[in-house]
Amino acid sequence: MITVAVTGAGGQMGREVLEAVADREDMAAAFAVNRTSVPPIAGTTVEDEGDLPRLLEEHDPDVLVDFTVPDASTRYVEACADAGVAAVVGTTGFSDAQLELLADAAREIPLLRAPNFSRAMTAFRDVIREAVAALDDYDIELSETHHNRKRDAPSGTANDILDDIEEIRGDFDRVHGREGDQPREGDEVGVHALRAGDIRGEHELLLAGNHEVLTLTHRAESRGVFAEGALDAADWLVGRPAGEYDFEDTV
Ligand SMILES: NC(=O)C1=CN([C@@H]2O[C@H](COP(=O)(O)OP(=O)(O)OC[C@H]3O[C@@H](n4cnc5c(N)ncnc54)[C@H](OP(=O)(O)O)[C@@H]3O)[C@@H](O)[C@H]2O)C=CC1
Ligand SMILES: O=C(O)C1=N[C@H](C(=O)O)C[C@H](O)C1
């Protein structure tokens, strides 16, 4: 039985993770914490996030799963490093300085961080890499659409897709939206972030050239997709040596 600690338990993803843990026979919730007080979720009492170091020591969970905000995630992962507990992080929007702190922590514990735990996302990124390599002179635009409460833009997934494209095409300008007299330049990728309603997460890459258009789209239809992927990643991570891993390592 894998015991799972959940941070950000009162958030949209934290709730999904606790519900997904309750649905799995191979996992049990060790404890859950949140910044503000919330009632029990999926039968687990939610404790104060300030108690995390003590709770890690007392319960010694196999793994902690975190979907919160970069500041909090960094603190939580540092607490995991102190306690020797593996961590799976789905939070997006980290600064370079925060990523360095996470890398430091990963010298002590196995740490798996990914901006998108949907199972089809790995295949989607493979298809994108193939299309971008094959259509090397086509214009590219990337758009992502999320719910109206999302804080970071562009999404973590969009940033990873842009990095994938850069590995194939070399350096280009990332043009975030367009306004006024701003025709497209050759070496650029337009990046567009849409926020509306409760859209779970859509990413679309458009390639155009030679009088034709190719669009590739991934659409997550439920947050459960991300929660289940994060728990599959947690299952894979437990028992691994210290180091930084990503979701693609698990497939
Ligand atoms: N990797 C993936 O597959 C996915 C990643 N994400 C990412 O996960 C993250 C969370 O998303 P989501 O659940 O939708 O967000 P929510 O806003 O619903 O939840 C955020 C959580 O973080 C907590 N929080 C906010 N600020 C602080 C703080 N300063 N200190 C401590 N805790 C804090 C909130 O606590 P409180 O309740 O007290 O406000 C809440 O528990 C985002 O970065 C998002 O991009 C989302 C979906 C999938
Ligand atoms: O905030 C969200 O909701 C999501 N964020 C992730 C990201 O920033 O890439 C992944 C997913 O699309 C949902």
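Which residues does the UniProt annotation "domain: Dihydrodipicolinate reductase C-terminal" cover? In the unreviewed UniProt entry, this annotation spans residues 123-250. The model examined here is predicted. Over residues 123-250, the chain is 32% helix and 30% strand. The end C-alpha atoms of this stretch are 13 Å apart.

The unreviewed UniProt entry assigns the annotation "binding site" to Arg35. Arginine 35 sits in the loop between β2 and β3, the latter being residues 46-48. Its relative accessible area is 67%. Arginine 35 is therefore classed as exposed, the cut-off being over 50%.

Salt bridges were then examined. Side chains of opposite charge can pair when their charged atoms come close. A search of the whole structure returned 24 salt bridges. One of them joins the side chains of arginine 24 and aspartate 232, with an N to O distance of 2.9 Å. This pair links distant parts of the chain, 208 residues apart. Arginine 24 lies in the loop between α1 (12-23) and β2 (27-34), whereas aspartate 232 belongs to helix α7, residues 223-237. Aspartate 232 has 31% relative accessibility and so counts as partly exposed.

Helix α7 also contains arginine 223. The side chain of arginine 223 meets that of aspartate 198 in a salt bridge of 2.9 Å, N to O. Aspartate 198 is in the loop between β9 (188-195) and β10 (202-209), and arginine 223 is in helix α7, so the contact ties together parts that are 25 residues apart in sequence. The two partners fall into separate accessibility classes. Arginine 223 is at 10% relative accessibility and counts as buried, because the buried class lies under 20%. Aspartate 198, at 35%, counts as partly exposed. A further pair of positions was compared by C-alpha separation. Arginine 223 and threonine 157 are 66 residues apart in sequence and 15 Å apart in space.

A salt bridge also forms between the side chains of arginine 107 and aspartate 104, at 2.6 Å from N to O. Arginine 107 is exposed, with a relative accessible area of 59%. Aspartate 104 is partly exposed, at 38%.

Glu57, Asp60, Glu78, Asp82 and Glu108 form a negative surface patch. Patch residues have no salt bridge and over 30% relative accessible area. Within this group, aspartate 60 is placed in the loop between α2 (52-59) and β4 (63-66).

The relative accessible area of aspartate 71 is 54%. Aspartate 71 is exposed, because this value passes the cut-off of 50%. The C-alpha atoms of aspartate 71 and glycine 93 are separated by 9.7 Å. Along the chain, aspartate 71 and glycine 93 are 22 residues apart.

Technical notes
Residues are numbered from 1 along each chain as its sequence is written. Chains are lettered from A and ligands numbered from 1 in the order in which they are written. This is a predicted model: local features need pLDDT of at least 70, side-chain atom pairs count only at pLDDT 80 or more; totals for chains, interfaces and linings use all residues. Side-chain values use heavy atoms; hydrogens and water are left out. Patches are made of residues with over 30% relative accessible area and no salt bridge: like charges are joined within 9 Å, nonpolar side chains (Val, Leu, Ile, Met, Phe, Trp, Tyr) within 5 Å. Accessible areas come from the Shrake-Rupley method with a 1.4 Å probe; for residues, only the protein chains shown count as cover. A salt bridge is a side-chain nitrogen of Lys or Arg within 4 Å of a carboxyl oxygen of Asp or Glu. Lys and Arg count as positive and Asp and Glu as negative; His and the chain ends are not counted. The place of a charge is taken as NZ of Lys, CZ of Arg, CG of Asp or CD of Glu. Helices (H or I, at least four residues) and strands (E, at least two) are DSSP runs, numbered from the N terminus. UniProt positions are given in the numbering used here, feature names are shortened, and annotations may be inferred rather than shown by experiment. Buried means under 20% relative accessible area, exposed over 50%, partly exposed in between (1.4 Å probe, protein chains only).
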